[in-house]
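Let's take a walk through this structure together, one stop at a time. Have the sequence and the 3D view ready, and follow along as each residue comes up.

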Amino acid sequence: MLRLLWIAGSVCGSAVVVAAAFVVSPWWWWAAVPVLVLTVLTAADVLQTRHSVLRNYPVLGHLRFALEGIRPEVQQYFVERNVDGRPFDRDTRSIVYERAKGTDAEEPFGTELDLYESGREFLVPSMAPVAVPTRAPRVRVGGPHCTRPYDMALLNVSAMSFGSLSANAVLALNKGAALGGFAHDTGEGGLSEYHLRPGGDLVWEIGTGYFGCRTEDGGFDSALFTEKAAHPQVKCVSLKLSQGAKPGIGGVLPGPKVNAEIARVRGVPQGKTVVSPPYHRVFSTPRELVRFIGRMRALADGKPTGFKLCVGSRSQFLAVCKAMVEEGVTPDFIVVDGAEGGTGAAPLEFADHVGMPLTEGLMTVHNALVGTGLRDRIRIGASGKVATGSDLVKRLVQGADYTNAARAMMFAVGCIQAQRCHTNTCPVGVATQDPRRARALNVGDKAQRVRRYQEATVRSALQIMAAMGVDSPSRLHPHMLQRRLDPQTIRSYADLHPWLDPGQLLQDPPASWARDWNSADPDRFTV
C-alpha cells in the first residue's frame, strides 16, 4: 500500500513539475518531459510482476537487458581471441571472408594454436611433395543402377532452404555455383524459382514434409516429384533422414511466416502452420528405405539418388547395409551430417548432446560400406563445419569423397555470425524473410564471392595434398592424419581407429563390430 501511495505521489509530483515548466518557460520542457517519462517508467517497473530485477531496480534494471541483448557482439568483437570463438573462430571467419573477396589469406609470425594441446590434429607432409594439379578433380556420382551420373566438385553448397535463407541469399549461392561449376543443395524447403533462376546445378533434397512433392495430407506425391526431378538443373535427388543440428525431430513453420510465395514453393496452405514430422511416411524399415531409394531413382529417370543423415546407432546403419546387400539396391551417394550443427535453429539440448560428430559418423559410414563390399558403388559426402582447405583434406582422409559447406558459404555471402538466424532479424539479409533486410545483399557481388571462396578453398586443399605427396584424393590414407593424445603421445588415424577390409563384415566381422553386426536387422530399426 505504501509503495502504491509513493508511486502515485511521484507521478503526481512529476506532473505538477511538468505543468509548472510549461507555464514558466518552454526551455524547461527539455528537462521536465524526461522527468515525467522516467517517473512513469519507474511506476510501470515497480507494478509489473514479470521481472524481479525491474521491481527491485526500476529504470536501472533495463540496462541489464540492454547489455544482454548486445552480449554476442561484445563477445565477438572485444572478448574472444582469434582462435577460441564458437561456432567458428575469428581466424576461420577471416579466411573465408578474405578468399571470398579475392585477397590474401595468409598470416605472419606463426600459428596462434597450441600445437601441444591434447586432441590437436595435423596432416603429414612429405619429404617429396608433388606438383599441384592444374585442374581440380571431380567425383563421379552414380552407381550401377544410375544412368545419368554426375561429376561432383570437392566442395559444394550444403542444404539451406529458401525460407530459412532470403531469396537474395539463395540467388547468390546458386549463381556462385553456376559460375564456379559446383553443386547447390536446395535444403528440404522445396525447389524455388530462386534455386532455378541463376542456372546452377542442384541437388534437390526431400525431407519428411515432402515439400514441393507433397500430397494434400502431407504424403509423398510421385507425380509431382517426377515432374520436378526432370528439370535439367536438378542433377541429383536426396532423401533427408536427419540433420546434424537436430537429428530425430521435425520442424515447425508458424502460420504467419507461410506467405503466398513460401506456400507455393512448399505446396502447403498459405497462413497455416506447417509441421515437418520427425519420421518418414514412405518407409518404416531399412528394407523399405532401400526400396524407396530405388523408386526415387526410377522416378528421377536414373539421376543419382541418395540420402543424408546424422549417424546415431551403428547397428541401425548396418541394418541398412544388410538391406542393400539383400535387395541388390544401393544409393548413389550418402551425405553424412555431423552433430556439429548447421544453419537451422535447434533446441540447445539437441545441438549439444544428440547425434554423432562428423569424424566418427563419417568413419562409421565409410567402414560399414567397405565391410559390406558396397563402398565402390556409393560416394560419401561430408557436411559439418567444413570451411578451409585443411578441413576438406581431413574429411577426405577420414573416408569422404567430397564435402559440403553451409555456414562457410553463408560467410561468403556476408554472414557475420550474429546467430540470429531464427529471429528473422539477420543484420546482413542472409537468414531472413524481411525484404528491407534482404535487399542489403547484392546478388551479383555475393555470387562472385561464393565462386571465389569455393575456388580458393579447393585450390588450398590441392596445395595441401601436394605437400603431402599426393596428386589425387584417392591416394589419401588414414596414416596421413595424426592426432596428439597427450603431450608425449601422437598416433595416426590408422592406429587410432579400426579400418575394415572390403567384405570383411560379410565374412568374419572383427570383435569390435561383431555385436552391432549381429544385432542389425534389415527388417526393423532396432534400438
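At what angle do α15 and helix α18 pack? Before answering, keep in mind that this is a predicted model. Now find helix α18, which covers residues 443–467, and look for α15, which spans 389–397. The two pack at an angle of about 60 degrees, and their axes are 7 Å apart. That makes α15 oblique to α18, because angles of 65 to 115 degrees are the ones that count as roughly perpendicular, while those under 35 degrees count as roughly parallel. The crossing of this pair is right-handed.

Tyr 210 is not a glycine, yet it has a positive phi of about 50 degrees. You can find Tyr 210 in the loop between β6 (201–206) and α9 (222–229). Is Tyr 210 buried or exposed? With a relative accessible area of 0%, Tyr 210 is buried.

Next, turn to a second pair of helices, α11 (residues 286–299) and α12 (residues 314–327). Their axes come within 8 Å and cross at roughly 60 degrees, so α11 and α12 are oblique to each other. Where α11 passes α12, the crossing is right-handed.

Glu 326 and Arg 287 meet in a salt bridge, with a distance of 2.8 Å from N to O. Because Glu 326 belongs to helix α12 and Arg 287 to helix α11, the pair ties together parts that are 39 residues apart in sequence. Arg 287 counts as buried, at 12% relative accessibility.

How many salt bridges does the structure hold? There are 22. One of them joins Asp 151 to Arg 140, with the closest N and O atoms 2.4 Å apart. Asp 151 lies in strand β3 (residues 150–152) and Arg 140 in strand β2 (residues 139–141), so this bridge ties together parts that are 11 residues apart in sequence. Asp 151 is partly exposed, with a relative accessible area of 30%, and Arg 140 also counts as partly exposed, at 47%. A further salt bridge is found between the side chains of Asp 521 and Arg 524, at 3.2 Å from N to O. Here Asp 521 counts as partly exposed, with 23% relative accessibility.

Now let's compare positions along the chain with positions in space. Met 363 is part of helix α14, which runs over residues 358–371. Met 363 is buried, with a relative accessible area of 5%. How far is Met 363 from Pro 498 in space, C-alpha to C-alpha? The distance is 9.4 Å, while the two residues are 135 residues apart in sequence.

Gln 419 and Ala 431 are 12 residues apart in sequence, and their C-alpha atoms are 9.6 Å apart in space. At 48% relative accessibility, Gln 419 counts as partly exposed, because only values over 50% are called exposed.

Our last stop is on the surface. Which residues form a nonpolar patch there? Val 53, Tyr 57 and Leu 60 do, and together they have about 330 Å² of accessible area. Leu 60 lies in the loop between α3 (52–56) and α4 (61–69). With a relative accessible area of 65%, Leu 60 is exposed.

Conventions: Residues are numbered from 1 along each chain as its sequence is written. This is a predicted model: local features need pLDDT of at least 70, side-chain atom pairs count only at pLDDT 80 or more; totals for chains, interfaces and linings use all residues. Side-chain values use heavy atoms; hydrogens and water are left out. Patches are made of residues with over 30% relative accessible area and no salt bridge: like charges are joined within 9 Å, nonpolar side chains (Val, Leu, Ile, Met, Phe, Trp, Tyr) within 5 Å. Accessible areas come from the Shrake-Rupley method with a 1.4 Å probe; for residues, only the protein chains shown count as cover. A salt bridge is a side-chain nitrogen of Lys or Arg within 4 Å of a carboxyl oxygen of Asp or Glu. Helices (H or I, at least four residues) and strands (E, at least two) are DSSP runs, numbered from the N terminus. Buried means under 20% relative accessible area, exposed over 50%, partly exposed in between (1.4 Å probe, protein chains only). Axes are lines fitted to C-alpha atoms, for helices over the stretch in contact, and angles run from 0 to 180 degrees between N-to-C directions. Angles under 35 degrees count as roughly parallel, over 145 as roughly antiparallel, 65 to 115 as roughly perpendicular and the rest as oblique. A crossing is left-handed if the near helix is turned anticlockwise from the far one by less than a right angle, and right-handed if clockwise.
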